[in-house]
Amino acid sequence: MAFKMFTRIFLLAFALFVTAGTASAQSQSVLIPSPPAIAGSSWVLMDPLSGRVIMENNSNERLPPASLTKMMTAYIVERELDEGRISMSDMVPISVKAWRTEGSRTFVQEGTTVSVENLLKGVIIQSGNDASVALAEFIAGSEGAFVDIMNQQAQLLGMTNTNFQNATGLPAPDHFSTAYDLALLARAIIQDYPENYPLYAEKHFTYNNIRQPNRNALLWRDDSVDGLKTGHTEEAGYCLVASAKRNDTRLIASVMGASSSEARAQEVQKMLNYGFRYYESERLFRAGQELVQAKVWGGQADQISVGMPEDVYVTIPRGSRNQLESTVDLDSVIKAPINVGDELGRVRVILDGETLVDEPVLALTEVPEGGLFKRLWDAIKLFFVQLFE
C-alpha cells in the first residue's frame with residue numbers, strides 16, 4: 001500500500017510538470033530583481049487568484065482611504081443587485097442630504113429620482129459623493145445604517161484593519177483602511193460580481209448634461225488596465241487601486257499616500273509592470289480533479305477518488321514551473337463510511353523551500369459501509385498490514 005501511494009504522488013508531480021510545458025530535467029535558478037522603489041505611504045501588489053502578495057510596504061498600516069471607500073459602497077450595491085433586492089432600473093429619490101454632500105459629485109438634484117444604474121455609474125466612474133449617499137439611503141434607510149453594513153461586509157471579506165464612518169470617504173475620525181484590505185476588496189469586486197466589473201473600465205459618464213472623466217489615468221495609458229478606483233483628500237494624499245490582466249495573469253496594485261494624481265498612476269504602473277514581467281499565475285489543480293485514489297477499508301468499494309473542492313492557483317516566478325514539488329499526504333487508514341467532502345489528507349506544493357499550497361484534499365465520491373462479512377474481512381487484513389508495517 002505504501003508503494004502504491006508513492007507511485008500516485010510521483011505521477012501527480014510528473015503530470016504537473018508536463019502540463020506546465022517543461023522539458024528540462026535540470027532545475028535552473030530564476031533571477032528576479034528587487035521590487036522597484038515606490039513613492040507612497042503604503043502599497044501592495046497582489047495576485048487575486050492565489051492571493052499571493054508579490055511586493056508590499058506598510059500594507060497593513062491604517063490610513064484614510066478617501067474615495068477608495070466607494071469601492072465598498074459599490075460592492076454592497078452590487079451584492080444587493082445580485083441577490084435581487086434591488087434592480088438597475090429602480091428609481092432612487094434624492095434627499096437634501098445627498099444633494100448637499102460636498103466634494104466630487106454626479107450633480108443629482110434634490111427632489112428628483114435617479115436610476116440605480118446611473119447612480120452606480122456616478123459612484124464608480126465620477127466618484128460622486130452625492131450618488132453614494134443616495135444609494136446608501138436607498139438600500140439601508142440612512143447613511144449611518146449603511147455604514148453598519150459596510151463594516152460587517154469588511155469583516156466578512158477579511159478586511160481586519162478597516163473601519164468606515166461614511167459611504168463617501170470624506171474625512172472623518174476613525175475612518176481608515178489599508179492598502180492590503182483595499183486589494184482584498186478589489187479582489188472581491190472582480191471575482192464576486194464580474195457582470196458589473198466592466199463599469200470600472202468606463203472612461204466617461206454623462207449625467208445631467210455634465211460629462212466627467214474617470215480619474216484613473218491608467219485606463220488611457222495601459223490597455224490591460226480595467227479598473228478600479230482613485231481617491232484623494234488632503235489628509236489621505238493621492239490613492240489608487242488598479243487591476244490589469246495580461247494573458248492569463250491578473251494583478252491588483254494598491255497605493256496610498258502618493259504626492260499627486262500623476263505620481264499615483266506612475267507608481268501603480270511600475271508595480272504592475274514589475275509583477276507581469278517577473279511573475280505568472282498557474283492553475284495547478286481543477287475543482288473536482290482526481291489527484292489520487294485512496295485505499296478504503298470496510299466499504300462497499302475498495303478505492304475512493306480524492307481531489308480539491310476548488311481550483312488551486314499559485315503565483316510563481318516566470319520560468320520556475322519545473323521546480324515545483326508536490327506531495328499528497330493521505331490519512332494512514334481510511335475507513336468507510338465516507339461522504340463526499342470528507343477530508344482525507346493534505347496536498348502541499350513547495351518551491352525553493354517555500355510552501356505555496358497547503359490545503360486539505362477531500363473525498364470526491366462516497367463509499368457506504370460494506371456488509372458484515374466485508375467489514376470483518378477488511379479488519380483482519382488491516383490488522384496484518386499494520387502488524388508488518
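## A lysine over a tryptophan

Let's start with Lys295, whose charged end sits over the ring of Trp297, 4.8 Å from the ring centre. Keep in mind that this is a predicted model. Lys295 also has a salt-bridge partner: its side chain meets that of Asp302, at 4.0 Å from N to O. Lys295 is partly exposed, with a relative accessible area of 22%, and Asp302 is partly exposed too, at 36%.

## Other salt bridges

The count of salt bridges comes to 21. One of them joins the side chains of Asp311 and Arg283, at 3.2 Å from N to O. Asp311 is in the loop between strands E12 (303–307) and E13 (312–317), while Arg283 belongs to strand E10 (residues 279–285), so this pair ties together parts 28 residues apart in sequence. Both ends are partly exposed: Asp311 has 32% relative accessibility and Arg283 has 30%.

Arg375 and Glu369 make another salt bridge through their side chains, at 4.0 Å from N to O. Here Arg375 is partly exposed at 32%, and Glu369 is partly exposed at 42%.

## Strands E14 to E16

Strand E14 (residues 325–330) pairs with strand E15 (residues 343–351) in the antiparallel sense, over six bridges. On the other pairing, E15 runs antiparallel to strand E16 (residues 354–363), and eight bridges join them. Ile350 stands opposite Thr355 in E16. E15 and E16 make a hairpin with two residues between them, and Asp352 in the turn has a positive phi of about 50°.

Which residue stands opposite Asp329? That's Arg346 in E15. Asp329 and Arg346 are also part of a salt-bridge network that links them with Glu343, Arg348 and Asp358.

## Aromatic pairs

Four aromatic pairs turn up in the model. In one, the ring centres of Tyr75 and Tyr193 are 5.3 Å apart and the planes are at 55°, so the pair counts as tilted. Tyr75 lies in helix H2 (residues 70–82), and Tyr193 is in the loop between helix H7 (179–192) and strand E5 (204–207), so the contact ties together parts 118 residues apart in sequence. Both Tyr75 and Tyr193 are buried.

Elsewhere, ring pairs link Tyr274, Tyr278 and Tyr279 into a cluster.

## A nonpolar patch on the surface

Phe373, Trp377, Ile380, Phe383, Phe384, Leu387 and Phe388 form a nonpolar surface patch, with about 860 Å² of accessible area together. Trp377 lies in helix H10 (residues 372–388) and is partly exposed, with a relative accessible area of 44%.

Methods
Residues are numbered from 1 along each chain as its sequence is written. This is a predicted model: local features need pLDDT of at least 70, side-chain atom pairs count only at pLDDT 80 or more; totals for chains, interfaces and linings use all residues. Side-chain values use heavy atoms; hydrogens and water are left out. Rings of Phe, Tyr and Trp (its six-membered ring) pair if their centres lie within 6.5 Å; planes under 30 degrees apart count as stacked, over 60 as edge-to-face and the rest as tilted. Helices (H or I, at least four residues) and strands (E, at least two) are DSSP runs, numbered from the N terminus. Buried means under 20% relative accessible area, exposed over 50%, partly exposed in between (1.4 Å probe, protein chains only). A charge sits over a ring if NZ of Lys or CZ of Arg is within 6 Å of the ring centre and within 35 degrees of the ring normal. Two strands pair if DSSP finds at least two bridges between them. Patches are made of residues with over 30% relative accessible area and no salt bridge: like charges are joined within 9 Å, nonpolar side chains (Val, Leu, Ile, Met, Phe, Trp, Tyr) within 5 Å. Accessible areas come from the Shrake-Rupley method with a 1.4 Å probe; for residues, only the protein chains shown count as cover.
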